Amino acid sequence: MKLTLPPGLSAAQLDRALKDFAGVVGQEWVLATDLDRDTYLDHFAVDESGHAPSAAVAPLTAEQVQEVVRLANRHKVPLWPISRGKNFGYGGAAPVLKGSVVLDLSRMKKIEFDAENGVAVVEPGVGFYDLYDYIQQNKLPYWTSVPGNSWGSVLGNALDRGVGYTTYGEHTSKLCGMEVVLPTGELMRTGMGAMTGSPTWNLYRYGFGPSWEQMFVQSNYGVVTKAGVWLMPAPESMLGIDLELENVDDLGWAVDVIAAQRRDGLLQQSPSIGSWLRGAAVLTTRKEWYDKPGALPDDVITAIRQRFGIGWWSISLRLYGYESVNEAQAGVIQKQFEKHTTQPIRITRWKQGEPMNPAPGQAAFAGIPITFPLANAAWHGGRGGHIGYSPVLPANGRAAMEQFRRTYDRYKEFGMDYHGSFAMGERSITNVNQVLFNKDDPEMMGRVEAFFRALVADATEKRYGEYRTHIEYMDLVAASYDFNGHALRRVNEVVKDALDPNGILAPGKSGIWPKRYRSQRA
Amino acid sequence: MTRGNILRKLSVLAALLSGLAAAGQGQAAEALDGKALFQARCGMCHQTIGMAVGILSRRPNDPSKGFLEERTDLSATLVRTVVRTGIANMPRMPRPEVSDPELAAIAGYLSKGKP
């Protein structure tokens, strides 16, 4: 990719900044060739060129991050921090603002482990595989919680509110104690870490006075250079409860049953109720099933379900902990489902001492890192891509069914194959809708943008907001949070300007624009 | 555990150490362990149940079943190019994640000496 400059910066100015960056990190870790720039593009994006960076700089330590940030202020160069850059479906390594310099933290891979308390203090470059390997190698009695694409960063995923499959799957809530380089280059620690040498930095979340940790999540207020992550003690037993829902309308009662289990604490993990395409898109390609345009018709859906032995929806619940407790809970859960369905309920059991060799589809429930779900981007053939639209709904079956109907109709209207799931939170549902596409099919690509915007408009009309979005749509989604004339966005930007007067850190992230670039808002 | 064999752990550690050494001292490519680096940098998608194994194994008439290490038709140039430019479902990998000397070692390992 040829050089793209950020607004208001000349090539000579950028060049001077890069020379200064090299003085901090070494010439080898300033990456500014055409090929280097390409390696930070969003591989799965609808349009890669819209978010092209001008260069990247890869520090190794928090001190180097501080120096680079100070220099970026001096040269007025916008930085886009990434942990490992694997935020696929949300932008990968690419910046919102074209021409930003990627601050690549993937070389920062230190792990400190507090085995007594079950806390890993990780730097941004530590991937889920790295942490898993570390735990195995040191025979530590803890399990990781991993997302469907575990190639990425433990810290980066938690900072974007990514999720996993175990009871520790709400990753952002497992963060405890951060070290942050502020946009001026100053270093701070949150919570108890504000007390020098505190032994409870990574054990007690709030500290004294206001607690700022979520301020650094999905924001552009600082570069988190390390943070504590709580890990689940290796359970005595894991118990699986799986069932298939035959009819599309079964979603309603199933959501109500699980919502109650989440509310009263019977179920501590967040199960996802997924539609029939989930497995098929990973294991097969579309042309094996159907060779015509338009959404897959019902007879093809039936054929897919028959081959994989799945329902319209599939549910997997997991219990972790003491065997006797799990058994008791499972008994109650099973009875609650049996009030609504005669479908067989599959119970699986594992306990400490038994070999752990889960089938691929089960690995993530045991906290074993995986990447295979990403194969779904190859569903259409050609260069695959995907984006997700994920509004948050109230946790009730009526809301879920209405949202499903509306969304399914939109998929059919735009000729796209439905790929939806409903992840059950404690009081809410995250309705993840994946849009799979083929970048080599211009006709299909012509539909994707309008389709995505229709999904946002539909959900916004119902006053449902998205929990996380792709860099291309951050302004669109931020605009939907509109109470009192976008009061929240105004506050976000007052804070932004106070902390980052030169507007150098991740302009446009989550729709937050610093004064310098505010005219860039889409 | 599936990924829990000791051999793998040791080689991951070795790869990390050798990677750091290479990064720090500009060590020559031939001193790096291509196999260990392949495991550490590429194994998540190209070994066991990885994303790429699944996709590549769908190809007809390929006896490797999607495992790059079993293939005999890879050239070093192809490996180096694909890692930096991406291909199909595979995203590009920047140099801080796989340095040029590391990539050369991985390419040498997978190509079994073919340039």
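Two strands are said to pair if DSSP finds at least two bridges between them. In the predicted model described here, strand β5 of chain A and strand β6 (residues 119–122) of chain A pair in the antiparallel sense over 4 bridges. Within this pair, A:Ile111 has A:Val122 in β6(A) as its bridge partner. In general, the strands of a sheet pair through backbone hydrogen bonds, either parallel or antiparallel.

Both strands belong to an open sheet of 5 strands in chain A, with the order β5-β6-β10-β8-β9 and antiparallel pairing. At the edges stand β5 (111–114) and β9 (187–189) of chain A, each of which pairs on one side only. On average, neighbouring strands of this sheet are turned by 15° against each other, direction ignored.

Strand β8 of chain A is mostly covered, with 7 of its 7 residues buried. It is joined to β10(A) in the antiparallel sense over 5 bridges, and to β9(A), also antiparallel, by 3 bridges. A:Glu179 takes part on both sides: it stands opposite A:Lys226 in β10(A) and opposite A:Arg189 in β9(A). The strands β8(A) and β9(A) form a hairpin with 5 residues between them. In the turn of this hairpin, A:Gly185 has a positive phi of about 105°.

Helix α3 (residues 62–75) of chain A lies across β8 (175–181), β9 and β10 (223–230) of chain A and runs at about 45° to β8(A). Helix α4 (residues 128–137) of chain A lies across β5 and β6 of chain A, at about 45° to β5(A).

The largest nonpolar core contains 168 residues. Those that touch the most other members are A:Val57, A:Val68, A:Leu79, A:Leu103, A:Val229, A:Val255 and B:Ile106. In soluble globular proteins, nonpolar side chains tend to be buried together. Leaving aside neighbours within four places in sequence, A:Val255 is in contact with A:Ile273, A:Ala395, A:Asn396, A:Gly397, A:Ala400, A:Phe422 and A:Ile429.

A further residue considered is A:Asn376, which lies in the loop between β15 (345–351) and β16 (384–389) of chain A. A:Asn376 counts as buried because 23 other C-beta atoms lie within 10 Å, the cut-off being 20 or more. Not counting residues up to four places away in sequence, A:Asn376 touches A:Ala281, A:Val282, A:His386 and A:Leu436. From A:Leu283, A:Asn376 is 93 residues apart in sequence but 7.8 Å apart in space, C-alpha to C-alpha.

Chain B has 5 helices and 0 strands, so that from the N terminus on its elements run α-α-α-α-α. Of the 115 residues of chain B, 43% count as buried. Among the contacts in chain B with a separation of 6 or more, 62% link residues 24 or more positions apart.

The contact between the chains takes 26 residues from chain B and 37 residues from chain A. On the side of chain B that touches chain A, the elements that give two or more residues are α1 (6–25), α2 (34–46), α3 (51–56) and α4 (76–85) of chain B. By class, this side has 13 nonpolar, 7 polar and 6 charged residues.

The predictor gives the complex an ipTM of 0.93 and a pTM of 0.94. Chain B averages a pLDDT of 80, and 74% of the residues score at least 70. Over residues 1–29 of chain B, however, the pLDDT is below 50, although this stretch has 48 contacts in the model beyond near neighbours in sequence.

How values were computed
Residues are numbered from 1 along each chain as its sequence is written. Chains are lettered from A and ligands numbered from 1 in the order in which they are written. Two residues are in contact if their C-beta atoms, placed from the backbone, lie within 7 Å. Ala, Val, Leu, Ile, Met, Phe, Trp, Tyr, Cys and Pro count as nonpolar, Asp, Glu, Lys and Arg as charged, and the others, Gly among them, as polar. A residue is buried if 20 or more other C-beta atoms lie within 10 Å of its own, exposed if 12 or fewer, and partly exposed in between; C-beta atoms are placed from the backbone. pLDDT is the predictor's confidence in each residue, from 0 to 100. Axes are lines fitted to C-alpha atoms, for helices over the stretch in contact, and angles run from 0 to 180 degrees between N-to-C directions. A nonpolar core is a set of buried Ala, Val, Leu, Ile, Met, Phe, Trp, Tyr and Cys residues joined through C-beta atoms within 7 Å.
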